[in-house]
Amino acid sequence: MKQTNRGGLIKRLLGLAGNGPAIPNAAGAYKAGDVTRLNTSWQPPHRSGDAAIAESWDLLTSRLRDLGRNDPLVKKGKSTLVNLAIGPGIQTMADFGEGEDLLADESDEWFDRWAEEECDVAGRLTWGAMQRLAFGEAVSVGNALLLRVQDRRPGRSVPLCYQPIEWEQLDRTRDRPAGLGQNRITNGIEIDANDRPAAYWIYDAHPYDTSSSGQAGGSGSTRVDAARVLHWYFPDRSSESCGISWFSTIVQSSKDMDWYLGNELTSAAIAALLTIVTKRERPGDGQLGFEDLADDSDSFGNELVKLGHAITAEVGVDEDVTIAESKRPNRDAAPFIQLMQHVFAGGLGISYLRLTSDYKATSYTA
């Protein structure tokens with residue numbers, strides 16, 4: 001009997017032979033650490049939080065900006081999160097203690113003036129709108145940046161105001177490792193020896209603005225002390241000095257559903273075309289007069305009728321044609337789309353009902 005190298009056979013079955021990765025122990029103590037024939041290709045490289053963001057942020061951010069413009073579910077998910085967390089704006093009131101109501105009321109009046117008219121250096125946003133914008137940025141691209149500036153024009157209540165900075169405006173060409181007498185810079189953020197932000201390198205003009213260079217790195221950048229920058233993000237790991245989009249886990253699902261819907265619509269459009277079978281004693285050349293410049297009759301004198309776009313067939317009277325009935329719209333499409341929407345909601349940490357506003361199956365008496 002021919003002997004078999006069982007170890008080699010197992011390796012070949014697992015896809016580990018030849019140039020595959022060398023794995024000393026394919027059976028991990030945890031099931032998630034096992035290597036099998038089905039998951040041998042799933043061996044992602046280790047990355048620190050900052051390194052993972054640095055190598056993915058550019059394409060990921062551009063994709064998320066595109067989805068925010070064009071995908072209704074992503075747009076609804078973002079607005080739902082903003083409305084839940086911020087609403088019209090987080091309100092504040094002064095409290096100086098008992099007996100100081102007049103001072104508190106006067107302080108509130110001055111703050112309301114600043115919040116409504118002076119908080120934005122460009123004069124476009126109220127404080128509530130700036131909060132909504134910042135939280136929406138933190139959700140959609142992972143980070144929100146507000147630059148503290150001074151506006152000393154006459155008539156203002158205080159010089160303090162803020163300038164919103166987009167995530168793309170950090171100069172990542174400045175990134176470098178820590179060295180003798182120099183701080184580490186990652187994702188455009190300068191980090192000191194205690195892992196605290198020391199400065200932000202900000203482009204003087206938005207690198208993707210058509211009125212500037214039109215490409216990243218085309219304009220100069222300025223080192224801005226971290227004390228002047230309000231940076232909001234929601235870290236997942238201790239090795240992150242910046243955040244990643246809340247939508248990062250559902251980007252592929254969003255494109256998959258878009259692809260699926262596109263194919264369903266195409267299939268439904270094809271299935272909805274009018275199909276006509278014409279039986280004649282003398283079948284002609286198969287034309288039924290769909291072209292505007294075509295003759296009104298065929299070579300045998302058969303009269304042609306203009307019907308518009310359709311799928312047609314012309315056969316003899318003794319021939320037969322079987323027409324496949326349309327299966328569109330697909331009855332399984334709606335449950336599948338609903339399943340994908342549940343995946344979206346889970347990825348964003350909100351309920352399916354809030355994401356879709358689909359309350360038709362909701363029991364209000366439960």
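Predicted model: local features only at pLDDT ≥ 70, side-chain atom pairs only at ≥ 80, totals over all residues.
## Helices α3 and α5

Helix α3 spans residues 72-85 and helix α5 spans residues 127-140. Their axes come within 9 Å and cross at roughly 130°. Angles over 145 degrees count as roughly antiparallel and those from 65 to 115 as roughly perpendicular, so α3 and α5 are oblique to each other. The crossing of the two helices is right-handed.

On the α3 side, the contact is made by K78, L81, V82, N83 and A85. Helix α5 contributes R132, F135, G136, V139 and S140. Sorted by class, the contact of α3 with α5 has five nonpolar residues, three polar ones and two charged ones.

## The three-stranded sheet

Three strands form an open sheet in the order β2-β1-β7, and the pairing is antiparallel. The edges are taken by β2 (160-165) and β7 (229-232). Each of these edge strands has a single partner strand, so one side of each has no neighbour in the sheet. Ignoring direction, neighbouring strands of this sheet are turned against each other by 25° on average.

Strand β1 covers residues 144-150 and is joined to β7 by four bridges, with the two strands running antiparallel. L145 has H231 of β7 as its bridge partner.

## The four-stranded sheet

A further open sheet has four strands, ordered β3-β4-β5-β6, again with antiparallel pairing. Here β3 (184-186) and β6 (221-225) stand at the edges. Because each pairs with a single strand, one side of β3 and one side of β6 are left without a neighbour in the sheet. From one strand to the next, the twist averages 25°.

Strand β5 (residues 197-203) runs antiparallel to β6, and five bridges join the two. W201 is bridged to R223 in β6.

Q338 belongs to helix α7, which covers residues 333-348. The relative accessible area of Q338 is 33%. Buried means under 20% and exposed means over 50%, so Q338 is partly exposed.

Leaving aside residues up to four places away in sequence, Q338 touches Y352 and D358. Q338 and D358 are 20 residues apart in sequence, and their C-alpha atoms are 9.8 Å apart in space.

Definitions and conventions
Residues numbered from 1 in each chain as written. Heavy atoms only, no water. Axes fitted to C-alpha atoms, helices over the stretch in contact; angles between N-to-C directions. Parallel < 35°, antiparallel > 145°, perpendicular 65-115°, else oblique. Left-handed = near helix turned anticlockwise from the far one by under 90°. Contact = heavy atoms within 4.5 Å. Nonpolar A, V, L, I, M, F, W, Y, C, P; charged D, E, K, R; others polar. Buried < 20%, exposed > 50% of the residue type's maximum accessible area, 1.4 Å probe, protein only. Pairing = 2+ DSSP bridges.
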